[in-house]
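Good morning, colleagues. Please turn to the sequence and the structure on the screen.

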Amino acid sequence: MTISISKFIKFLIIVLGLVFSLHILILKLLDSIMFENKIILAYSVNIILAIIIYTLFCKFKKMFKNQIGFVFIFGSFLKFILFFLLFNSSYKADGDISKLEFLAFFTPYSLCLIIEIFFMSKELNGDNNFDKKHPE
C-alpha cells in the first residue's frame, strides 16, 4: 500500500466517521429513527467503493495514464448500479424517496466523491504539498 493510499483511507475514514456521527446526532435531535433508511449500509458501501476506486486509480495511473479517467467513470457507474440494487427499491417502496432517505445515501456518496476527486487531482498534478502539510 502506498503512502498516498494509506493517507486517503485514513482521511476518508476520519471524515466520514465524523460526518456519520453528526448525521446520527442530527437525526436524534430531530426525533427521527437514527439507524433507518439503510444509513449504515450507505456509509459502508460508499467508503468501501471509494477505497477500491482510489486504489485502482493509484495502481493503474502509470500503466494506463491516458485512459485513467475510465477508472473514475467505472467507479461512478459501479456506485450507480449498487444504488439501484441495494437502495432504490427500499427507498421507493412507499412510492416516494423522502428527504431522510435521500440524505442517508447522498451524504456519504457526495463526501466520498469530493474526497476521491481531491486526492485524484493531487495525484495527477503530482502535488506533494499535501504530503508535506499532513505528514504520516
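Predicted model: local features only at pLDDT ≥ 70, side-chain atom pairs only at ≥ 80, totals over all residues.

The protein chain contains five helices and zero strands, and its elements, read from the N terminus, run α-α-α-α-α. Of the 136 residues in the protein chain, 32% are buried. The chain exposes about 8600 Å², and carbon and sulfur atoms supply 71% of that area. If we consider contacts between residues at least 6 apart in sequence, 74% of them join residues at least 24 apart.

Let me turn to the aromatic rings. The structure holds ten aromatic pairs. One of them joins Phe-20 and Tyr-43: the ring centres are 4.9 Å apart and the planes lie at 75°, so this pair counts as edge-to-face, the cut-off being over 60 degrees. Phe-20 sits in helix α1, residues 3-29, while Tyr-43 sits in helix α2, residues 39-60; the two are 23 residues apart, and the pair thus links distant parts of the chain.

Are these two residues buried or partly exposed? Phe-20 is partly exposed, at a relative accessible area of 22%, whereas Tyr-43 is buried, at 4%.

Finally, I draw your attention to Ile-52, in helix α2. Ile-52 is partly exposed, with a relative accessible area of 39%. Between Ile-52 and Gly-75 there are 8.5 Å in space, C-alpha to C-alpha, and the two are 23 residues apart in sequence.

Methods: Residues numbered from 1 in each chain as written. Heavy atoms only, no water. Phe/Tyr/Trp six-rings, centres within 6.5 Å; stacked < 30°, edge-to-face > 60°. Helix = DSSP H or I, 4+ residues; strand = E, 2+ residues; numbered from the N terminus. Buried < 20%, exposed > 50% of the residue type's maximum accessible area, 1.4 Å probe, protein only. Contact = heavy atoms within 4.5 Å. Areas by Shrake-Rupley, 256 points an atom, 1.4 Å probe, with all protein chains shown as cover.
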